[in-house]
Amino acid sequence: MSRLDVAAMKADFPILARRVRDDRALVYLDSGATSQKPTYVLDAEREYYEHHNAAAHRGAHQLAEEATIAFEDARRVVATFVGAEADELVFTKNATESINLLAHAFSSATAKSAHGKWDGDPRFVIGVGDNIVVTEMEHHANLLPWQELADKTGAELRWIGLTDDGRLEYSDLDRVIDEHTRVVSFVHQSNILGTVNDVARMAAAARAVGAFVFLDACQSVPHMPVDVKSLGVDAVAWSGHKMLGPTGVGCLWATRELLDAMPPFLTGGSMIETVRMERSTFAKAPMKFEAGVPNIAQAVGLAAAVEYLERIGMQRIAEHEHVLAEAALAALQEIDGVTIIGPTNTVERGSAVSFTVRDLHPHDVGQVLDAHGVAVRVGHHCAWPACRRYGVPATTRATFYLYNDLNDVASLAAAVRAAQRFFEV
Ligand SMILES: Cc1ncc(COP(=O)(O)O)c(C=O)c1O
């Protein structure tokens with residue numbers, strides 16, 4: 001049984017007390033899309049706006065100084081949470097922006113080099129004959145930026161396939177990754193299948209050919225202990241809103257060496273060293289990647305989220321979710337007609353559980369679940385190629401977090417049975 005006092009914790013999240021659809025208790029099973037926020041995080045943002053709000057890194061007055069300190073303190077807290085140094089952590093809008101920032105470094109250096117304007121690191125210049133490797137289970141956020149990069153540069157996009165039971169086809173590695181591979185980018189925990197990938201194995205294959213290694217940790221940093229430096233990758237991206245933080249703040253961690261070598265993404269104020277009409281030079285990372293007035297209140301809220309998570313402990317959260325995943329897999333598989341899309345056991349697996357119900361479209365399932373107060377996501381979950389791989393147009397997906405318990409699993413299973421009864425399948 002889980003060791004978290006979920007009933008007490010639920011009280012920290014005001015929204016979880018909501019009644020929905022004909023006065024039903026809300027059963028929130030959509031934290032993979034976005035998590036709910038505890039009062040502690042809401043208060044931190046409000047306190048910042050009420051007492052310290054100003055433009056960080058600009059202005060000579062006391063509030064500007066306090067806003068700068070609040071922003072940089074938040075960076076330190078979030079960096080420490082993942083075992084990083086503060087100056088290796090870039091605040092972005094979300095993980096999608098973090099990954100675009102990375103991909104843009106290559107297209108920017110490549111475009112500049114075409115007319116002799118890139119005198120930086122040649123590893124960022126790619127083109128025809130090179131290849132970029134992703135996997136078939138990527139979220140669109142970790143697929144489209146690399147597709148675009150391939151289209152802009154003439155490099156080839158390749159991918160590692162999936163096994164029938166929802167794992168990476170590691171036997172593809174030798175065939176797909178070769179001496180022309182420049183980038184290997186893959187997800188830590190799949191948002192649709194729940195699979196937790198073997199980062200060391202993927203990173204070793206990429207490193208063996210000198211490729212950059214990027215990890216999409218959107219579904220791992222919120223759910224398990226992650227130490228970015230021990231992963232053996234060059235860069236890691238994740239979103240604040242999936243880990244109890246506010247929307248509007250994401251993270252990019254990369255080695256200092258990589259951040260120094262990368263060209264900027266967005267340009268403008270606050271990311272410069274000197275500016276002349278002809279040309280400008282850029283600030284050091286992380287500011288080089290934070291053009292404009294940054295998301296200060298959101299970073300402050302994210303730091304509060306980290307404090308909240310740390311008080312509970314990431315290992316305990318991971319164990320708690322493991323129990324919920326096991327219970328959900330068992331309860332769903334007991335229902336005739338339900339098929340799990342993804343690993344059916346809890347080995348190397350998180351608590352994102354996707355499934356289909358025979359003779360029912362996922363949207364119909366979702367609607368009945370919603371009528372019972374059970375909030376899940378239906379659709380392709382921004383991982384359309386993975387749906388195609390398993391021959392389904394969409395799935396119903398339940399995702400669990402620290403504020404869910406076994407009652408929520410039971411509500412999910414009961415609502416799925418109710419959907420079958422309603423549609424008489
Ligand atoms: C695995 C994964 N990668 C990337 C993203 C994109 O995150 P965001 O929309 O916050 O940028 C998500 C969001 O669902 C995700 O689950």
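Tutor: Once its neighbours within four places in sequence are set aside, Gly194 is in contact with Gln189, Glu348, Arg349, Gly350 and Ala352, where contact means heavy atoms within 4.5 Å. This is a predicted model, in which local features need pLDDT of at least 70 and side-chain atom pairs count only at pLDDT 80 or more, whereas totals for chains, interfaces and linings use all residues. Residues are numbered from 1 along each chain as its sequence is written, and side-chain values use heavy atoms, with hydrogens and water left out.

Student: Where does Gly194 lie, and what makes it count as buried or exposed?

Tutor: Gly194 lies in the loop between β7 (181-187) and α7 (199-208), helices being DSSP runs of H or I with at least four residues and strands runs of E with at least two, numbered from the N terminus. Buried means under 20% relative accessible area, exposed over 50% and partly exposed in between, with a 1.4 Å probe and protein chains only. The relative accessibility of Gly194 is 0%, so Gly194 counts as buried.

Student: How do you know whether Ala299 is buried or exposed, and which residues does Ala299 touch?

Tutor: Ala299, whose place is in helix α9, has a relative accessible area of 0% and is therefore buried. Not counting residues up to four places away in sequence, Ala299 touches Phe71, Ala74, Phe91 and Val249. The C-alpha atoms of Ala299 and Arg75 are separated by 7.2 Å, although these residues are 224 apart along the chain. For Gly194 and Ala418, which are also listed as 224 residues apart in sequence, the C-alpha to C-alpha distance is 25 Å.

Student: What makes the ring pair of Phe124 and Phe212 stacked?

Tutor: A pair of aromatic rings is described by the distance of the centres and the angle of the planes. Rings of Phe, Tyr and Trp (its six-membered ring) pair if their centres lie within 6.5 Å, and planes under 30 degrees apart count as stacked, over 60 as edge-to-face and the rest as tilted. The count by this rule is 13 aromatic pairs. In the pair of Phe124 and Phe212, the centres are 5.2 Å apart and the planes stand at 25 degrees, so the pair is stacked.

Student: Why are Phe124 and Phe212 called buried, and which residues do ring pairs link into a cluster?

Tutor: Phe124 is called buried because its relative accessible area is 0%, and Phe212 counts as buried because its relative accessibility is 6%.

Student: How do you know that the charged end of Arg311 sits over the ring of Tyr40?

Tutor: A charge sits over a ring if NZ of Lys or CZ of Arg is within 6 Å of the ring centre and within 35 degrees of the ring normal. The charged end of Arg311 is 4.7 Å from the centre of the Tyr40 ring and sits over it.

Student: Which peptide bond is cis?

Tutor: The bond from Ala285 to Pro286 is cis, with omega near 5 degrees, and Pro286 is found in the loop between β12 (280-282) and α9 (296-312).
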